[in-house]
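Trainee: I'd like to learn how to read surface patches and strand pairing. Can we work through a case?

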Amino acid sequence: MRKLYVLLLCLFLASQATPSYAADNGSWSVFPVSTKLAARPYFYLSADPGTTLEDKVTVANKTGEPLTFRLYAADAYNTVRDGGFAVRTLKEKQRGVGAWARPARSRVTVPAHGSVTVPFTLRVPEKAEPGDHPGALVALDERIDAGDGALAMGVQRAVAARIYLRVGGPTMPAISVEKVRITHHQPLVPGLGDSTATISYTLRNTGNVTLNPKVQLKAEGLFGRTLLSRGLTKIPSELLPGQRVRLSEPWRGAPQLDWGEVTLTASAHDTRESASASFFALPWLVAAVLGAALVGALLVIRARRGGSWPWTSGERQRRSWPWVFRARRGRARRSVPAPPSPPELPTPSRRRSSPSARP
């Protein structure tokens, strides 16, 4: 059977290997060239629109054989699933750092247990927007590791050194919380089982600088009772400009019968925003009993009204059967005799003279 290969880009952006500041996957690492003062964990660059920067990146090979890499610049973004730091692939369109930075060599072969340093140039356009423009320099192994079996999956690995570029101009930190939803998971019979809920929301960076957000969750029940209040930990450590992340938070021990509101408050440097959603917790069995009681009450009222539903009385009955009410109104009216007409006055006659009376 023909094998199916799927290309996966595995991006490693953290490292515990030597040097400690290098992005590393155990086989090779990528890191900025160290300065005389100190080693740099990432590229921290600052430039005004229309300027050009020059720097160098080092690719180190930790294996016992030479490795060849495709070296390119890429834009960074937050993953939708958990908000992690990720970069665009080689085939994706680049609009920021990925389009502005150019390494001196697009392919580099690194000897076994050796390293190669490659200069790169970053040209900031004249019309570049102010604020943060995150990206990375990526060393991509173009080899695809084939899997085994009838259906194989190929894996392609890459390592990248982050670039944090800030373009001069006014900065505006801004964050928003959107689309707050709450879903209840309750037992069929109240009290026989745990009641949980899932609170989902969208965290969005609407400004032009990278944020380190904090999110506070608060739930209130009837009469303003505080049911839950805590800070959330499953949030991205960096929320890049223009990025949005869909997140969820479990709520164990959620109320089984209550009516209230959930509020999420996101804050970062000089910005704060909140969003809320109402909830109505009602077990399925209670809902079924209440629904059956309501239907029974309506049937009783209908029987007492002679087969008519209570909400069809009054004006709605008149609209439903207008001919009935017209007929009733017609039978109820009495004919009123018309008043007699006044007698006609006689028309006065004028005396005519006879021809014999003329002179």
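Mentor: Start with charge. Lys-179, Arg-181, Arg-244 and Arg-246 form a patch of positive charge on the surface. This is a predicted model, where local features need pLDDT of at least 70, side-chain atom pairs count only at pLDDT 80 or more, and totals for chains, interfaces and linings use all residues. Residues are numbered from 1 along each chain as its sequence is written, and side-chain values use heavy atoms, without hydrogens and water.

Trainee: What are patches made of?

Mentor: Residues with over 30% relative accessible area and no salt bridge; like charges are joined within 9 Å, nonpolar side chains (Val, Leu, Ile, Met, Phe, Trp, Tyr) within 5 Å. A salt bridge is a Lys or Arg side-chain nitrogen within 4 Å of an Asp or Glu carboxyl oxygen.

Trainee: Which strands each supply at least two residues of the positive patch?

Mentor: β13 (175-185) and β17 (244-252). Arg-246 lies in β17. Its relative accessible area is 31%, so Arg-246 is partly exposed (buried is under 20%, exposed over 50%, partly exposed in between, with a 1.4 Å probe and protein chains only).

Trainee: Which residues make the nonpolar surface patch?

Mentor: Leu-222, Phe-223, Trp-259 and Phe-280, over about 550 Å². Leu-222 sits in the loop between β15 (214-220) and β16 (226-231). Leu-222 is partly exposed, at 36% relative accessibility.

Trainee: Why is strand β12 largely enclosed?

Mentor: Because ten of its twelve residues (156-167) are buried. Strands pair if DSSP finds at least two bridges between them. β4 (residues 43-47) pairs with β12 in the parallel sense, over five bridges. There, Ser-46 has Arg-166 as its bridge partner. β11 (residues 131-141) runs antiparallel to β12, joined by ten bridges.

Terms used: Accessible areas come from the Shrake-Rupley method with a 1.4 Å probe; for residues, only the protein chains shown count as cover. Lys and Arg count as positive and Asp and Glu as negative; His and the chain ends are not counted. The place of a charge is taken as NZ of Lys, CZ of Arg, CG of Asp or CD of Glu. Helices (H or I, at least four residues) and strands (E, at least two) are DSSP runs, numbered from the N terminus.
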